[in-house]
Amino acid sequence: MKKTRKLRTLHLSLGAAGAAALGILPALPGIATPAAAAPAPKQPNILIITTDQQSWNMLSAYGTPALATPAMDRLAKEGYSFRRNYVANPVCMPSRFTLYTGHYASEVGTKDNTPNPTDSRKVIAMATEFGMGHLFRKAGYETFYSGKTHLYTPPGNSPDMKPAPLYGFKLEGFDPYEGPVEFAQKFFAKRKAGDKPFLAVVSFLNPHDICEQAGIGRRPATLKNAESNRLLDIQKRLAPAKYASGIPPMLTNTAPINGEQPAWVEMDSNSRKWTPTDWSLYRWLYYRLTESVDNQVGRVLAALNASPFAANTIIVFTSDHGDMQGAHGLSLKNVPFEECQRVPFVFTGPGIKKGVIDNDTLVCNGLDLIPTICDLAGVKYNSDALTGKSLKPLLTGSGPAPQRDCIYTETYNSFTINDGRYKYTIFELPGNPDMLVDLQTDPGELHNLVNDPASQKTKDAMKDKLMKNLATRNLLPLATDHTLAYIRKIQNEHGAGKAEKGKGKGKGKSNNTANPDDESSLE
Ligand SMILES: [Ca+2]
């Protein structure tokens, strides 16, 4: 192993001709070895494709039944998939903030969806210094963003319409349904081969329309009709057998974790009162919404493949968080459970290994995205200021997995340490209740081991490590007051919605059309 690495180092530093001259590599017969090094390889373009609320298992390539995602499957088959990928925070704005800055939302004083972050000066400073678009612009790239943004921005600005430039991107429309497809088709058709390298983000909304079925997150009237309405109209006309064939099998972990406290799952949509019929429709629709966005992703890929840029473009595919899909009787997100914390994270493109399904490496798309694409593109970034790791050595086969013994994630009311087997969470609620699960023996997270005598040593070690990490990030003492205030705020904002949720979910159109920026705090 050591010998291989030494040889590779020599080869890289000397060039093929130099290595051949030293007898390390044979000279290629019939090919002149130029005295000067070959021209530097052209910087790759980067295309980031994001969906919203797509759990890690929602690719048919991963063997998920009752689902057909041919475009995403192609990415998985032609690239490298991380299947143990966690988001930094399983809700929109904080997850996206991490994706586009490499920093936790808690570093700007918030962990939730809020149009007005606690300290907007910190948001501006961090987005300016670490914003993904700025890093690539400084390196000579052109940077574009099309579709749903939903990032922190100073008060008075729309989180969807204004922040792309703050993070270093030129905004190319904010229609999150067909907008990114239309952008990609025009972009790839008119771009010329000699143009600067590009970093483009196409950000789709679905399968997020599932929130409507849960009775929240109604789309404002200024956007095009929600895809959920179109699909539900189709569902009503389906033959019963055809409808049934599209419903995935029920999950096996529908029970609450033992010792659960109501505030741990406060942001749920009352889904524990749903009937089996309600759940069947919810899950049928979630799968169809994922297929719908797969079709949009497919048309973006077709536009790229028809252009001269296909061979030199690295594609990253990921999502901002998943959906609980009925695990623990819950829908939506915002909780520290696998179904909403884990999302797809796939890389394809020049130099990246093909058809690799990585079930082992613990990664965090938010933290690791910037280091990885910077490393792949040769773009400078301040690695000392970011906690994420470059995954390039794994993706290209040029080195080992990143040195990492755990990852830290957060939700609006909790912090988690995850070492790949054990996951320990402490809640910012009175008494700081906690939760320990063994993912190896209990992948459905049904057994809280905090009071298990045999698990005390593990719990104490993980808690100690987590608290030390929080101390280094100035996040102690835990902000119980903030969490309770946030819960009260959400309860007040969605008080009317709660009553509606108990009755039926997603029937008919919402009257919530006042403000196109009035994203649900639960997104
Ligand atoms: Ca989201």
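Residue numbers start from 1 along each chain, following the sequence as written. Because the model is predicted, local features need pLDDT of at least 70, side-chain atom pairs count only at pLDDT 80 or more, and totals for chains, interfaces and linings use all residues.

**The whole protein**

The protein has 17 helices and 14 strands; these are DSSP runs numbered from the N terminus, with helices (H or I) of at least four residues and strands (E) of at least two. Of its 523 residues, 47% are buried. A residue is buried if 20 or more other C-beta atoms lie within 10 Å of its own, exposed if 12 or fewer, and partly exposed in between, with C-beta atoms placed from the backbone. Among contacts with a separation of 6 or more, 70% join residues 24 or more positions apart. Two residues are in contact if their C-beta atoms, placed from the backbone, lie within 7 Å.

Let us look at strand E12 next. All 5 of the 5 residues in E12 (residues 414–418) are buried, so the strand is largely enclosed by the rest of the structure. On one side lie Ser-414, Thr-416 and Asn-418, and on the other Phe-415 and Ile-417.

E12 pairs with E11 and with E13, where pairing takes at least two DSSP bridges between two strands. The table sets out both pairings.

Ile-407 has Asn-418 in E12 as its bridge partner, while Phe-415 is bridged to Ile-426 in E13. E11 and E12 form a hairpin with 2 residues between them. E12 and E13 form a hairpin with 3 residues between them, and Gly-420 in that turn has a positive phi of about 95 degrees.

**Helices**

Helix H2 (residues 70–78) packs against helix H11 (residues 276–305) at an angle of about 60 degrees, with their axes 7 Å apart. Axes here are lines fitted to C-alpha atoms over the stretch in contact, and angles run from 0 to 180 degrees between N-to-C directions. H2 and H11 are therefore oblique to each other: angles under 35 degrees count as roughly parallel, over 145 as roughly antiparallel, 65 to 115 as roughly perpendicular and the rest as oblique. Pro-70, Ala-71 and Met-72 in H2 meet Asp-294, Val-297, Gly-298 and Leu-301 in H11.
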